Amino acid sequence: MTGKLFDVPRRALAGLCALLALAGVIMLTAMADSTMQPLPASAPDGEFSAERALRHLERFATEPRPIGSRAGERARDYLAGQLRAAGLDVRVQRAIGANTSAGLASFGQVDNIVATAKGSDPTGTVVIAAHYDSAAMGPGASDDAAAVAAMLETVRALKGTALRNDLVLLMSDGEEDGVLGAEAFVREHPLGRKGGVLLNWEARGVSGPSLMFQTSRNNAGLVETFADAVPHPRGDSTLGELYRLLPNNTDFTPMAESGFTGMNFAYIEGSSRYHTADDSLAHLDRGSLQHHGSNMLALTRALGGADLETLDADHDLTYFRIFGTMVTYPNALVWPLAGLAAAAVAGLAVLARRRRLLSLPRLAVAAVSGVVPLLLAAALAQGLWEVLVAWRPAYDGMGGLLHRPQAFQAAVVVLAALALLCWYLPLRRRLGPAALAVGALAWPAALGLLCAQVAPGMSYVLTLPALFCALGGTAAILLRGAARQVAVLQVTAVTLGAVVAAALLPALARTAFDGMGLALGGVPALVLAVFGLTVLPIAELCLPERRQSLVPLAAAGLAVLLVPIGLARDGFDPANPLRTHLAYVMDAGTRTANWVSADAEPPAWTRRYVSGHDTTPLPPGYARGTSLWTGRAPAAAGAAEPRVTVLGRDGDTVRLRVTAGRAARSVTLRVERPIAAATAAADGLTPVSVDVTGVRSNTWPGEIRFRGLPDTGAEISLRVPGADRFRLTAVAETDGLQRVPGFVPRPKGVVAATREDGDLVAVTRTYEISAR
C-alpha cells in the first residue's frame, strides 16, 4: 500500500497554484509584521511623533556614551534637564553596579537618572526603563538612545494627563557592561526595592517593528493589556522562549529577578550595525522609533490608569499574531491543543490505513526517518556558514549578522528544501507519498508535545500547523471517490490546512535570521524543514514521476549558485563597512608596546600594525585568545598607568587600592589563579560584594573589571583560595587610539569591531602578590 493522499488531473498546475497561494500567505504575513509610518512634528500634541523625538537624539546621541565617559556625563545632564523641565522630580542615583559571569566580576560606577511623577490614586507603580549609555564603538542611536528619546516624547505627550498610578522613568547607566545600572537600582534605590510594573525598551538592530519579546512569569494580565492597548502589537510568546536560550540579557533581567512584573521590547532588524559606529542617526529607521514610542505612550496611558492589582495572575498566556489579529489563550490549553494535534495526526493515519493508502510498517518507517531532513537541513545551513567564513574570514567577526544576507538566506531556504528532497524522493516509491506525508506530520505534532512540556509559549507554532494540516489531509481523503469535478476541493482542503503553517513557520524562520544570524543558520533551517514536512502533499503534486533525481540536483545547483551571488552582493564598502579589531598594549614597567588584533584575517588597514602571531612580547595575562595578531608599537608618552597598592591580606582575601590616572575610564585586573569572590568600594558609595564561580577561557582564570573608575580610584578586595603567592596584571584602559604615535585613523568602509577590548590604549603593570 503505497498510495497518495489524493490525486488530481493537471496535478502540476494544481500544485503550482497551491504553492503560489501559500507564498501569498507568507508575503502577506511579512507585510503585516511591518513597522509604523513616522509622524511629523506637526502631529497633535497628544500623539507620539518620531520627528519630535529625533530632535532629542540630535542633542545627545551623536557620539559614543560608554559608562564613565565625558559624553555619558553630557547625555546625563541633558536628559535630567529635559525631565526636570517637563515637571518631574528628578534624582541621579550614583552607585556601584555589579555583575558576574564565569571567572569574572564586573563593577562600575553608574549614574542612573530616576524621574518620578505621583499618581492621583495609585494602586502601584509603572516603571518605564531604557539605558542611556552606549557601547564604546558607536553612538548607540538605536541601542538605546531611541528608547530614551521616546521616553522624553512620551512625557511631553502625557502633559496634562492625570495618571492614577505613580510613574517612574528609569534611564539607567552601564547596561552595556553587564546591566550594572539596573542591578544597582534594584539593590539600593527605594523605588527599585519597591517593585512595580516594568516596561523595558531595547534594540538589537537599527530597524524593524518594536517586538514584545519577553515577559515576566504569570503574564496573563500584562499580555491582555498589551493586546488591547497597543494600536500595532507585534511579538509572540515564541520569542520569549527563544530568548531564554540565548546568552543575552537586558536591564529587564535583574529587575524581573528582583520582583518586577513587566514586558520587554526591542526591534532587531538591521543587526549588522549593532554595537558599531553605524548604530547612528543616519541608519535609524524612523518607523521603528515611531513604533517604539507609540507603544510606550499607549501602554503608559493604559497601565497608568489601570488598577494594577487586577493584573496579578497565576498563569501565562500564549500569544501571537496571525492574519493581522492578536490571538491569546491561557497556557492551560497548551497541552489539550498539543494532544488534539497528535490525535488529529493519528486519526489521519487510521483513515489512510482504512482507505488502504498506507501500511502501518511503512508509516512507522516514514515517521522515524522524518528526523533525517530536520537534522540534514540544520547541518547543511551550519556547513554553509563554515564555507562563508572560510571564504571571507571577516564574516566571523560579525557573528553571522551580515549587511546584505538575503542571497545566503535564500541559500538556507534552498538547502532546507534539498534536505527534504534527499529524504523524500528515495522513499517515495518504497513507502508511498501517503505514508511519508502522514509520517512527516508526526514531527511537528511530537515537537509540539515536547514544547508543551519545556517551552509552552512555543508549542502553538508546531501544534497548530500539525493540527490543521492533519484536518486538511483528512478532508482530502474523505473527498476521494467523489465526482471528478470536486478534485479541486481536495487541493483546496490541503492548501487551507497548510495556510496556518505558512503563516507561522516562515515568519519564525525570518525572526531567527534577524535575531541569530547565519552563524546559527541551523535554527531557521530547522524551522523551514518543519514547514516543508507540513506541505508534502502539495509538493508531491509538483514533483515529476520520472527523472526525479533532477530536482535535488537543481536545488543543489541553485544553492551553490547563491553563494557567489551573495558574496558579490555583500561586499564591504563605505555604506556597509568591514569590521576590524585593534588595541594598543604597553607594559608600563618595561615601556614595551604592541599592537594587538583578534581578527581571523586582518584587513589591509590593520596589517599596517600587526604582522604575526607572536604573543610572547605581550604583558603576562593580557592575551585573550589563541590566534591573536601582534606587531611592535612605539611607546606612548603620558598614557594613563595603573597603580595597585596592597592594603592588607587576611587569609585568602587581599585588599587593594587601584588607580588608573585621570584619562583612563576603566581598569581590569587579571589574576593567574581562580577567584572566588570580589568586593568593590569607592569614595562615598556603598561597597558591593559578589561571589565568582568558574574561570575565564583562553586567558588567566580570574578577572575583575571596574568601569567608570573614579579619578580617586577604588578599593578592590578579592578572594583567591589556596594561593599564598600569585601574579596580578592591572590594565588601565583609555578610549581611542588617536594619541598613539604613528596611528592612522580607519578609512571609510572600515569600522571598529565589537570586541570589548578594541580601540583601547591598555597600559599594564604586573604585581607579585604574596602572603606578607
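**Exercise 1.** In which helix is Asp144 found?

*Solution.* Asp144 lies in helix α4, residues 141-157. Helices are DSSP runs of H or I with at least four residues, strands are runs of E with at least two, and both are numbered from the N terminus. A cis peptide bond, with omega about 10 degrees, joins Asp143 and Asp144.

The model is predicted: local features need pLDDT of at least 70, side-chain atom pairs count only at pLDDT 80 or more, and totals for chains, interfaces and linings use all residues. Residues are numbered from 1 along each chain as its sequence is written, and side-chain values use heavy atoms, with hydrogens and water left out.

**Exercise 2.** Determine how α12 and α14 are oriented to each other.

*Solution.* Step 1: take the angle. The axes of α12 (residues 360-369) and α14 (residues 406-431) cross at roughly 175 degrees and come within 11 Å. Axes are lines fitted to C-alpha atoms, for helices over the stretch in contact, and angles run from 0 to 180 degrees between N-to-C directions.

Step 1: apply the cut-offs. Angles under 35 degrees count as roughly parallel, over 145 as roughly antiparallel, 65 to 115 as roughly perpendicular and the rest as oblique. The two helices, α12 and α14, are therefore roughly antiparallel.

Step 2: list the contact (heavy atoms within 4.5 Å). Arg362, Val365, Ala366 and Ser369 of α12 meet Trp423, Leu427, Arg430 and Leu431 of α14.

**Exercise 3.** Is Phe323 buried or exposed, and which is Asp759?

*Solution.* Step 1: buried means under 20% relative accessible area, exposed over 50%, and partly exposed in between (1.4 Å probe, protein chains only).

Step 1: Phe323 has a relative accessible area of 53% and is exposed. Asp759, at 18%, counts as buried.
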